[in-house]
Amino acid sequence: MLTTLTRTPPHTTKPALVFLHFFGGSIQSWNAVLDQLAEEFYCLTIDLPGFGESPALTEHQSVDDVSNEVAAVITAQLGTRPFLLIGHSMGGKIALALAAGTLADYRSTGLRGMVLLAPSPPGAEPITNKDRQEMLEQPSLPPDEQRKAAGKTVANITNLPLSDTIRQQLIADNLRSSPQGWSAWLTTGSLNDITDRMGRIDVPVTILAGDHDNALPHSVQSTMVQPYLPQATIEIISGAGHLLPLETPTAVSRAIRNLSDRVH
(Lines give C-alpha, C1' and ligand atoms only; values in the text may rest on other atoms or scores of the structure.)
Protein backbone atom coordinates (compact mmCIF):
# COMPACT_ATOMS: atom_id res chain seq x y z
CA MET A 1 0.00 0.00 0.00
CA LEU A 2 1.31 3.44 -0.90
CA THR A 3 1.88 6.02 1.80
CA THR A 4 -0.30 9.10 1.42
CA LEU A 5 -0.96 12.38 3.16
CA THR A 6 -4.06 14.52 2.79
CA ARG A 7 -4.79 18.11 3.69
CA THR A 8 -8.46 18.98 3.73
CA PRO A 9 -9.90 22.50 3.95
CA PRO A 10 -13.17 23.00 5.86
CA HIS A 11 -15.14 23.47 2.64
CA THR A 12 -14.26 23.69 -1.04
CA THR A 13 -15.96 23.12 -4.36
CA LYS A 14 -12.70 23.25 -6.27
CA PRO A 15 -11.21 20.11 -7.84
CA ALA A 16 -8.95 18.06 -5.59
CA LEU A 17 -5.20 18.07 -6.23
CA VAL A 18 -3.15 14.87 -6.52
CA PHE A 19 0.63 15.36 -6.21
CA LEU A 20 3.24 12.95 -7.65
CA HIS A 21 6.86 13.68 -6.74
CA PHE A 22 10.19 13.54 -8.57
CA PHE A 23 12.79 10.72 -8.66
CA GLY A 24 14.42 10.54 -5.24
CA GLY A 25 11.73 12.71 -3.66
CA SER A 26 8.73 12.06 -1.42
CA ILE A 27 5.55 13.56 -0.05
CA GLN A 28 7.77 16.10 1.69
CA SER A 29 8.82 17.54 -1.68
CA TRP A 30 5.47 19.33 -1.90
CA ASN A 31 5.44 21.04 1.51
CA ALA A 32 6.09 24.57 0.23
CA VAL A 33 3.34 24.27 -2.39
CA LEU A 34 0.86 22.71 0.03
CA ASP A 35 1.43 25.54 2.47
CA GLN A 36 0.03 27.88 -0.21
CA LEU A 37 -2.86 25.72 -1.42
CA ALA A 38 -4.10 23.50 1.40
CA GLU A 39 -6.61 26.05 2.70
CA GLU A 40 -8.30 26.18 -0.74
CA PHE A 41 -8.02 22.64 -2.11
CA TYR A 42 -8.33 19.05 -0.95
CA CYS A 43 -4.73 17.90 -1.42
CA LEU A 44 -3.61 14.28 -1.77
CA THR A 45 0.14 13.61 -1.83
CA ILE A 46 1.52 10.15 -2.56
CA ASP A 47 4.87 8.49 -1.90
CA LEU A 48 5.47 6.64 -5.16
CA PRO A 49 6.57 2.97 -4.89
CA GLY A 50 10.15 2.73 -3.65
CA PHE A 51 10.33 6.30 -2.41
CA GLY A 52 9.53 8.04 0.84
CA GLU A 53 7.79 5.48 3.04
CA SER A 54 6.24 3.42 0.22
CA PRO A 55 7.88 0.06 -0.51
CA ALA A 56 8.90 -0.74 -4.08
CA LEU A 57 6.68 -3.10 -6.04
CA THR A 58 9.60 -4.94 -7.69
CA GLU A 59 13.09 -4.03 -8.86
CA HIS A 60 11.66 -3.89 -12.39
CA GLN A 61 8.48 -1.88 -11.74
CA SER A 62 7.31 -0.12 -14.90
CA VAL A 63 5.48 3.15 -15.41
CA ASP A 64 2.25 1.19 -15.79
CA ASP A 65 2.90 -0.87 -12.66
CA VAL A 66 3.30 2.34 -10.66
CA SER A 67 0.38 4.05 -12.39
CA ASN A 68 -1.97 1.21 -11.55
CA GLU A 69 -1.04 1.50 -7.86
CA VAL A 70 -1.56 5.27 -7.92
CA ALA A 71 -4.88 4.85 -9.73
CA ALA A 72 -6.10 2.54 -6.99
CA VAL A 73 -5.19 5.10 -4.32
CA ILE A 74 -6.96 7.89 -6.21
CA THR A 75 -10.10 5.81 -6.59
CA ALA A 76 -10.08 4.80 -2.92
CA GLN A 77 -9.56 8.32 -1.61
CA LEU A 78 -11.38 10.50 -4.15
CA GLY A 79 -14.03 8.25 -5.67
CA THR A 80 -15.60 10.21 -8.51
CA ARG A 81 -14.51 13.60 -7.18
CA PRO A 82 -13.01 15.90 -9.89
CA PHE A 83 -9.25 16.37 -9.55
CA LEU A 84 -6.11 17.76 -11.13
CA LEU A 85 -2.89 15.75 -11.42
CA ILE A 86 0.28 17.59 -10.44
CA GLY A 87 3.32 15.61 -11.57
CA HIS A 88 6.98 16.54 -11.16
CA SER A 89 9.73 14.94 -13.29
CA MET A 90 9.30 11.16 -12.75
CA GLY A 91 5.86 11.94 -11.31
CA GLY A 92 5.07 13.80 -14.53
CA LYS A 93 5.52 10.64 -16.58
CA ILE A 94 3.34 8.71 -14.14
CA ALA A 95 0.71 11.46 -14.50
CA LEU A 96 0.86 11.13 -18.29
CA ALA A 97 0.32 7.37 -18.05
CA LEU A 98 -2.65 7.88 -15.72
CA ALA A 99 -4.21 10.51 -17.97
CA ALA A 100 -3.80 8.33 -21.06
CA GLY A 101 -5.03 5.13 -19.42
CA THR A 102 -2.65 2.40 -18.33
CA LEU A 103 -2.37 -1.10 -19.72
CA ALA A 104 -5.06 -2.03 -17.19
CA ASP A 105 -7.32 0.39 -19.11
CA TYR A 106 -7.74 2.67 -16.11
CA ARG A 107 -8.69 6.22 -16.88
CA SER A 108 -10.41 8.26 -14.24
CA THR A 109 -13.48 10.17 -15.32
CA GLY A 110 -12.69 12.62 -12.53
CA LEU A 111 -9.51 13.96 -14.14
CA ARG A 112 -9.97 17.57 -15.22
CA GLY A 113 -6.42 18.65 -16.10
CA MET A 114 -2.71 18.38 -15.36
CA VAL A 115 0.10 20.64 -14.26
CA LEU A 116 3.39 19.00 -15.17
CA LEU A 117 6.61 20.33 -13.66
CA ALA A 118 9.67 19.51 -15.78
CA PRO A 119 8.09 16.14 -16.61
CA SER A 120 10.04 13.13 -17.76
CA PRO A 121 8.93 12.66 -21.37
CA PRO A 122 6.57 9.87 -22.46
CA GLY A 123 9.42 8.32 -24.46
CA ALA A 124 12.83 7.36 -23.10
CA GLU A 125 14.25 10.01 -20.79
CA PRO A 126 17.45 11.54 -22.21
CA ILE A 127 19.93 10.44 -19.53
CA THR A 128 23.52 9.87 -20.65
CA ASN A 129 24.92 6.38 -20.12
CA LYS A 130 27.56 7.83 -17.80
CA ASP A 131 25.01 9.61 -15.61
CA ARG A 132 22.72 6.59 -15.57
CA GLN A 133 25.56 4.30 -14.49
CA GLU A 134 26.71 6.70 -11.76
CA MET A 135 23.18 6.86 -10.37
CA LEU A 136 22.79 3.09 -10.53
CA GLU A 137 25.96 2.68 -8.48
CA GLN A 138 24.91 5.12 -5.75
CA PRO A 139 22.99 2.63 -3.49
CA SER A 140 26.06 0.38 -3.30
CA LEU A 141 28.42 3.14 -2.16
CA PRO A 142 29.55 3.45 1.48
CA PRO A 143 27.13 5.63 3.51
CA ASP A 144 29.36 8.71 3.54
CA GLU A 145 29.85 8.47 -0.22
CA GLN A 146 26.11 8.06 -0.74
CA ARG A 147 25.52 11.24 1.24
CA LYS A 148 28.10 13.12 -0.83
CA ALA A 149 26.47 11.88 -4.03
CA ALA A 150 23.02 12.95 -2.80
CA GLY A 151 24.33 16.39 -1.88
CA LYS A 152 25.97 16.73 -5.27
CA THR A 153 22.70 15.80 -6.97
CA VAL A 154 20.76 18.45 -5.05
CA ALA A 155 23.34 21.07 -5.97
CA ASN A 156 23.32 20.06 -9.64
CA ILE A 157 19.56 20.13 -10.12
CA THR A 158 18.81 23.40 -8.32
CA ASN A 159 19.65 26.96 -9.27
CA LEU A 160 17.74 29.18 -6.86
CA PRO A 161 18.85 29.18 -3.21
CA LEU A 162 17.30 26.70 -0.76
CA SER A 163 17.34 26.81 3.02
CA ASP A 164 19.62 24.36 4.78
CA THR A 165 16.52 22.67 6.23
CA ILE A 166 15.10 22.00 2.78
CA ARG A 167 18.48 20.91 1.44
CA GLN A 168 18.89 18.39 4.26
CA GLN A 169 15.35 17.10 3.69
CA LEU A 170 16.14 16.56 -0.01
CA ILE A 171 19.30 14.65 0.86
CA ALA A 172 17.42 12.54 3.43
CA ASP A 173 14.70 11.69 0.89
CA ASN A 174 17.32 10.75 -1.68
CA LEU A 175 19.07 8.42 0.78
CA ARG A 176 15.90 6.66 1.97
CA SER A 177 14.85 5.73 -1.57
CA SER A 178 14.76 1.94 -1.78
CA PRO A 179 17.47 0.34 -3.96
CA GLN A 180 14.72 -1.51 -5.86
CA GLY A 181 12.71 1.62 -6.65
CA TRP A 182 15.86 3.57 -7.47
CA SER A 183 17.12 0.95 -9.91
CA ALA A 184 13.68 0.32 -11.42
CA TRP A 185 13.25 3.92 -12.54
CA LEU A 186 16.71 4.09 -14.10
CA THR A 187 16.55 0.71 -15.87
CA THR A 188 12.82 0.43 -16.63
CA GLY A 189 10.49 3.35 -15.90
CA SER A 190 12.59 6.13 -17.42
CA LEU A 191 13.02 4.02 -20.57
CA ASN A 192 9.36 2.95 -20.98
CA ASP A 193 7.78 4.32 -24.14
CA ILE A 194 4.14 5.34 -23.72
CA THR A 195 4.06 7.81 -26.60
CA ASP A 196 1.49 5.76 -28.51
CA ARG A 197 -1.10 6.51 -25.82
CA MET A 198 -0.62 10.27 -25.56
CA GLY A 199 -3.32 10.97 -28.15
CA ARG A 200 -5.91 9.78 -25.60
CA ILE A 201 -5.21 12.74 -23.31
CA ASP A 202 -7.88 15.36 -23.89
CA VAL A 203 -7.68 17.47 -20.73
CA PRO A 204 -5.93 20.86 -20.43
CA VAL A 205 -2.22 20.61 -19.62
CA THR A 206 0.15 23.23 -18.24
CA ILE A 207 3.88 22.49 -18.38
CA LEU A 208 6.32 24.43 -16.20
CA ALA A 209 10.07 24.35 -16.81
CA GLY A 210 13.04 26.19 -15.34
CA ASP A 211 15.43 27.92 -17.70
CA HIS A 212 18.36 26.64 -15.58
CA ASP A 213 17.23 23.00 -15.38
CA ASN A 214 20.29 20.76 -15.71
CA ALA A 215 18.34 17.52 -15.26
CA LEU A 216 15.65 17.97 -17.93
CA PRO A 217 16.38 21.19 -19.86
CA HIS A 218 13.30 23.11 -20.96
CA SER A 219 14.11 22.16 -24.56
CA VAL A 220 13.09 18.61 -23.61
CA GLN A 221 9.58 19.87 -22.91
CA SER A 222 9.21 21.56 -26.29
CA THR A 223 10.72 18.70 -28.30
CA MET A 224 9.84 15.52 -26.37
CA VAL A 225 6.63 16.33 -24.47
CA GLN A 226 4.57 19.10 -26.08
CA PRO A 227 4.50 17.50 -29.57
CA TYR A 228 2.41 14.70 -28.03
CA LEU A 229 0.16 17.17 -26.20
CA PRO A 230 -0.91 19.85 -28.68
CA GLN A 231 -3.27 21.36 -26.10
CA ALA A 232 -0.42 21.94 -23.64
CA THR A 233 1.02 25.34 -22.84
CA ILE A 234 4.60 25.77 -21.62
CA GLU A 235 5.70 28.38 -19.10
CA ILE A 236 9.43 28.92 -18.66
CA ILE A 237 10.33 30.09 -15.14
CA SER A 238 13.30 32.41 -15.13
CA GLY A 239 16.18 31.45 -12.85
CA ALA A 240 14.71 28.12 -11.76
CA GLY A 241 16.39 24.74 -11.88
CA HIS A 242 14.73 21.34 -11.78
CA LEU A 243 13.17 21.40 -8.29
CA LEU A 244 10.33 23.80 -9.08
CA PRO A 245 8.10 22.90 -6.09
CA LEU A 246 10.87 23.98 -3.72
CA GLU A 247 12.64 26.66 -5.75
CA THR A 248 9.52 28.47 -7.01
CA PRO A 249 6.49 27.28 -4.99
CA THR A 250 4.58 30.51 -5.63
CA ALA A 251 4.84 30.13 -9.41
CA VAL A 252 3.77 26.49 -9.13
CA SER A 253 0.82 27.38 -6.90
CA ARG A 254 -0.25 30.13 -9.28
CA ALA A 255 -0.23 27.75 -12.25
CA ILE A 256 -2.36 25.24 -10.31
CA ARG A 257 -4.87 27.92 -9.33
CA ASN A 258 -5.05 29.18 -12.91
CA LEU A 259 -5.78 25.70 -14.28
CA SER A 260 -8.33 25.06 -11.54
CA ASP A 261 -10.12 28.29 -12.50
CA ARG A 262 -10.20 27.17 -16.14
CA VAL A 263 -11.78 23.79 -15.46
CA HIS A 264 -13.93 24.57 -12.40
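I looked up the pairing of strand β2 (residues 16–20) with β3 and found four bridges, the two strands running parallel. Strands here are DSSP runs of E with at least two residues, helices are runs of H or I with at least four, and both are numbered from the N terminus. Two strands count as paired if DSSP finds at least two bridges between them. The model is predicted, with pLDDT of at least 70 needed for local features and 80 or more for side-chain atom pairs, while totals for chains, interfaces and linings use all residues. Residues are numbered from 1 along each chain as its sequence is written, and side-chain values use heavy atoms, without hydrogens and water.

On β1 (residues 4–7), I noted four bridges to β3, antiparallel, with T4 partnered by I46.

I then looked at the side chains of β3 (residues 43–46): C43 and T45 point one way, L44 and I46 the other, and all are buried (under 20% relative accessible area, 1.4 Å probe, protein chains only; exposed is over 50%, partly exposed in between).

Next entry, D213. I located D213 in the loop between β6 (205–210) and α8 (218–225). Its side chain has a polar atom 2.8 Å from the backbone nitrogen of A215, and it reaches the backbone nitrogen of L216 at 2.9 Å. Beyond neighbours within four places in sequence, I listed A118, A240, G241 and H242 as in contact with D213 (heavy atoms within 4.5 Å).

Key
Polar contact = N/O pair within 3.5 Å; in protein donor to acceptor, adjacent residues only side chain to side chain.
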